[in-house]
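Me: I am new to this one and would like to learn how to read it. Could you walk me through it?

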2 protein chains.
Amino acid sequence: MAPLLDSFFKQVDSSVNHFTMRLRKAVAIPSISADDARRPDVVRMADFLYQELKSLGASVKLRPLGKQPGKEYLELPPVVLARYGNDNSKRTILLYGHYDVQPAEKSDGWTTEPFDLTIDEKGQMFGRGATDDKGPILGWLNVIEAHQKAGINFPVNLLMCFEGMEEYGSLGLEELVKEEAKKFFADADAVCISDNYWLGTEKPCLTYGLRGCNYYSVEVSGPSADLHSGMFGGATQEPMTDLVRVLSSLVDTNGKIQIPGIMEQVVAVTQDEEDLYAGISFTMEAFHESLGSKTAIFDDEKKTLMGRWRYPSLSLHGVEGAFSGPGAKTVIPSKVIGKFSIRTVPDMDIDETNKCVFKHVEEKFAKLKSKSTLRVYAQHTGKWWVASPKHWNFNAAAKAIVRVYGVDPDFTREGGSIPVAVTFEEATGKNVLLLPMGTSTDGAHSINEKLDTRNYIEGTKLLGAYLHYVAAEPQR
Amino acid sequence: MAPLLDSFFKQVDSSVNHFTMRLRKAVAIPSISADDARRPDVVRMADFLYQELKSLGASVKLRPLGKQPGKEYLELPPVVLARYGNDNSKRTILLYGHYDVQPAEKSDGWTTEPFDLTIDEKGQMFGRGATDDKGPILGWLNVIEAHQKAGINFPVNLLMCFEGMEEYGSLGLEELVKEEAKKFFADADAVCISDNYWLGTEKPCLTYGLRGCNYYSVEVSGPSADLHSGMFGGATQEPMTDLVRVLSSLVDTNGKIQIPGIMEQVVAVTQDEEDLYAGISFTMEAFHESLGSKTAIFDDEKKTLMGRWRYPSLSLHGVEGAFSGPGAKTVIPSKVIGKFSIRTVPDMDIDETNKCVFKHVEEKFAKLKSKSTLRVYAQHTGKWWVASPKHWNFNAAAKAIVRVYGVDPDFTREGGSIPVAVTFEEATGKNVLLLPMGTSTDGAHSINEKLDTRNYIEGTKLLGAYLHYVAAEPQR
């Protein structure tokens, strides 16, 4: 039986001004985690959430994380840990969000004051953090409040984990999540993260996968210092010559990875998975527009999406140590470091992938019979994440989307990584759902970041409805 | 019959303090052509030469060159044009030198004040411009003065052309030389330039060749802006992938140029040429030391020198538009520009070389069947220069070296370019000789530039002796 949601929805609709004021207050706090000088504002934002949650009847604590590594004069902002409801007969959903924001200055090109929420005639609410990630966090608070005001029984228990360092590498979070997995988070039956975006602007989606990323450096060194090509060209071997030969062996024009042992690790596409791509709202026209060119590898939508989401890719990012300015410089660089990364997917193993990369690079270099010195290493690695979109957590969210938006959601992955998804899955062992509130055009890390009023209000309904459908899903 | 030079030499030896004072005065004028604020000092240096030459009885004019292109508020420093002697029965030698210097600040790491000539216990005279090129210019003035004081008949007529913009691209010089070739320079029988260095520190050399340089850009562009590799990797073709494939096709680890039509233009080594390499003072140990590594292409001296001097080379300098900083950045660069240059030698033709490069790059790119856009072009080109080392101009200088230093000179080329050598040869049609005064360790463009007193004083004798041997050489 479908949950009774009408009075909740009505309460949300009648609270638009109040919810907007809540977002305005939050946006007004410039909680920029990357800016040391703004650290008191980040802490102020934690206090704001503490007070809001307290007044809604949640039990809240501000969990200190200690000093910022490498900047021992700076205290990390606390993680807001909260619990709402403690009924053993209900499911418990663990929510993650972040209350810090990207930097923003009017002079960067904003048309409005970035920390003064400004609503245009289309209902677009401009302000730093509106969509990333204050709107979604406050969505959860709105859900609690609307239930209270409408006098509706809350369908689940909530655990909340709101951090203040997401835009600066989530310093300290992984340790906390691991530590609390069997303590504060022990009751969680599933995890819900609202910190990503629809694929387009009109159709909601549920995100069940992210690629991982292994980032590599290939260093070739010879002479002890840069040389002049007039003086030395033709008499010394040149590291740059070897480097481009190695880099040219990694991937071809159509993105096909040439390193043996990589594609072999990729799981085959199942019919179930293939079906998920059928109705996705995505066109090659829109993709060409986002590229600003017609240099897509594939001509059709499904292959393009699979290329971004479920197959690995290898990108050459650049070269450190060589001439990189405009104009002409006749230098023989003595040490050059090529940078490339592989976006990883199931069932690629980080260590196995590293091994294949190192072996390939070393073999290609050995074939050159160069007198220069090679060094290849991973700068950082991060695991891919894929959840089961058939889990009750996803079923509940999909039904909520049908209820609120009247359409079946797109089931999407993303090509980039959101490390926290992996962190929560590995620490809790529970299904993780990415349930976005905003759209692809919200400009999360750009100037003129915004959240549409529709997405904020219908999004609040969606988050609430999701919790009711979670309660209604059969045990499996 | 060998010229009688003893009284000239004696006069030079007794003038060490006086000649050193002359160099001290010149070094004290910070005639930095690259620094707009120092332009009055550059002009002051021209005035200094004007006065010195006047007082030696030369006819001198300061030839204005007009405004500096692109900096119309700045007047170019004048070229000092001078004539000493006007005897139709004597040969006339055209001298070139430059009176401007590289920038220098004590704070760059100089151990002495750069514009205060400082002599250490080994006779090393430290100061900006000491060896490049004030010492050699003043050497010619010293020669004139020593002849006057010793009462010796001057053996030749001199034409002098001393410019003040050499360290900043010799702005305006080429036009002046072409213009005066059949006027002020009309009488010249040969040209002598003292503005380079011995191959090592102990053995004088005569330089008869320089390589040219064609500098190329290969631009590959696709998307309209840089992309995130998480979002787009695997779905778009990437310009950097194509660029490294093109760059990897140009040259191999051992410096062998892979572009068809380049090596085909190179003249074969003759026995005469080969003989010139026989006694050259150069060791692989010294070469490895200058590299700071054992990454030389060849194991023997002759091949190494020929690789630097008489064969073309291709160096990959770097990539513009890609990530070039330290650390990791997951960018897909939208437009990347590879930079490389070819050092050219006889009988390579600039246009033919360009044609071969463009054809090769375009063919390699076409084979990739990429949707990205290629553009390949020459940023600048410059011709190689080779003079006949059997010309009387060289014979005279070689005999002067035997007379002053007691050894046969090395006959050298240089791998880099000195455009003025080509300019004078092409404009006058006369043999050009590079007759260096300083050594390879003088640090012309570095901190702590110096000229050894030995090289200044014996160098002055050498310049004078050269003029006497010029007079004694038979007509051919």
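Me: How far apart do the C-alpha centres of domain 1 of chain A and domain 2 of chain A lie?

Reply: Domain bounds come from an automatic or database domain assignment. Here domain 1 of chain A covers 6–210 + 384–472, and domain 2 covers 212–266 + 311–382. Their C-alpha centres are 39 Å apart. This is a predicted model, where local features need pLDDT of at least 70 and side-chain atom pairs count only at pLDDT 80 or more, while totals for chains, interfaces and linings use all residues. Residues are numbered from 1 along each chain as its sequence is written, chains are lettered from A and ligands numbered from 1 in the order in which they are written, and side-chain values use heavy atoms, leaving out hydrogens and water.

Me: How much area do domain 1 of chain A and domain 2 of chain A bury between them?

Reply: The size of an interface is often given as the accessible area lost when the parts come together. In this case it is about 510 Å² (accessible area, 1.4 Å probe, lost on being put together, summed over both parts), with 55% of it on carbon and sulfur atoms. On the domain 1 side, A:W384, A:G415 and A:S417 lose the most area, together 79% of what that side buries.

Me: How many salt bridges are counted between domain 1 of chain A and domain 2 of chain A?

Reply: A salt bridge is a side-chain nitrogen of Lys or Arg within 4 Å of a carboxyl oxygen of Asp or Glu. Between domain 1 and domain 2 of chain A the count is 0.

Note on methods:
Buried area = accessible area lost by both parts, 1.4 Å probe.
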